[in-house]
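Please go through the model below with the sequence at hand.

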Amino acid sequence: MPIWALQETVTVSAGDTETLPTSVSDGVQAVADALGLTLLGWTPGEIADGQRPATYYGLGATVTPAVETTYYAMFARADGGGELMLRQCASPADGDTVLLATVSGTSCWMPRNAFTENMAVDTIHLRYSASLLKISDALADTYGWVYLEQEDSKFQLRSVNYPTYYLNATGSAVRCGSSGNLNMQLSGGFMYCPAVSKFLCVTIVSGNLRFAPVASAPGDQTFSFYRKERYVDFATTIGQVPGCDNCFIYVP
């Protein structure tokens with residue numbers, strides 16, 4: 001049977017604050033899966049040309065529109081030559097390029113991958129949108145790390161810009177360099193260095209924000225990997241053949 005064009009929308013009244021859904025209905029998701037499309041987020045307008053829109057929000061993002069706005073579920077097809085999207089990823093695979101985001105309230109912090117003995121973090125909250133981050137290719141490389149699987153659920157993080165440098169930790173500092181305690185693991189939702197029995201979190205050290213080892217994970221922060229991905233064929237209407245108003249993809 002033919003699958004007709006489908007959309008999923010959320011309308012938010014002027015001045016209201018609402019958290020956008022993290023999923024779509026089972027029927028819409030089934031069509032997206034059949035067509036090889038990934039649900040990426042929401043955009044305040046329909047996509048007609050297949051291009052990534054200028055304005056979009058991640059799944060679970062909070063919005064407060066000045067005028068009543070309808071947000072459309074945004075889908076796209078994974079393609080290595082497509083547009084950069086930095087998408088939240090619970091379980092990176094060996095060789096993935098990831099960014100390390102710590103969030104507290106409306107603030108989002110990331111460590112750079114350049115050589116340092118005491119890792120400072122940059123505030124990028126204006127580019128944070130829940131399940132998505134919005135930064136350029138150049139900045140993605142500045143904050144990027146190659147995820148390298150190790151034994152016993154451990155991993156190492158190698159600098160994208162400086163391939164001989166790795167994220168490592170001592171009992172008092174998180175560093176980017178060529179040696180040290182390289183093996184990390186996830187524990188309680190945070191990165192954890194088992195060699196020093198410390199969680200890696202954002203904290204104030206000598207008056208400055210640092211990515212630093214702490215004895216216990218803070219309750220007011222969350223940590224996420226964001227994976228560097230690329231997409232084409234952005235769409236808010238799925239099932240319809242591009243360029244043909246009355247043609248619909250057949251899904252048996």
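What follows is a set of questions and answers on this predicted model.

Residues are numbered from 1 along each chain as its sequence is written. As the model is predicted, local features need pLDDT of at least 70 and side-chain atom pairs count only at pLDDT 80 or more, while totals for chains, interfaces and linings use all residues; side-chain values use heavy atoms, with hydrogens and water left out.

Q: How many helices and strands are there in the protein?
A: Helices (H or I, at least four residues) and strands (E, at least two) are DSSP runs, numbered from the N terminus. On that basis the protein has two helices and 20 strands.

Q: What percentage of the 252 residues in the protein is buried?
A: A residue is buried under 20% relative accessible area, exposed over 50% and partly exposed in between, with a 1.4 Å probe and protein chains only. Of the 252 residues, the buried share is 44%.

Q: Among contacts between residues at least 6 apart in sequence, what percentage joins residues at least 24 apart?
A: A contact means heavy atoms within 4.5 Å. Among the contacts between residues at least 6 apart in sequence, the share that joins residues at least 24 apart is 66%.

Q: How many disulfides does the structure hold?
A: A disulfide is a covalent bond between the sulfur atoms of two cysteines; here it is counted as a pair of cysteine sulfur atoms within 2.5 Å. The sulfur of Cys-108 has its closest cysteine sulfur in Cys-201, 14 Å away and therefore too far for a bond. For Cys-201 the closest cysteine sulfur is in Cys-193, at 12 Å, again too far for a bond. The number of disulfides in the structure is zero.

Q: Is Cys-108 buried or exposed?
A: The relative accessible area of Cys-108 is 0%. Cys-108 is therefore buried.

Q: Is Cys-201 buried or exposed?
A: Cys-201 has a relative accessible area of 1%. This makes Cys-201 buried.

Q: Where is Ser-153 found?
A: Ser-153 is not a glycine, yet its phi is positive, at about 65°. With 64% relative accessibility, Ser-153 counts as exposed. Its place is the loop between strand E12 (145-149) and strand E13 (155-159).

Q: Where is Ser-206 found?
A: Ser-206 also has a positive phi, about 55°, although it is not a glycine. Ser-206 is exposed, at a relative accessible area of 74%. Its place is the loop between strand E18 (198-205) and strand E19 (208-214).
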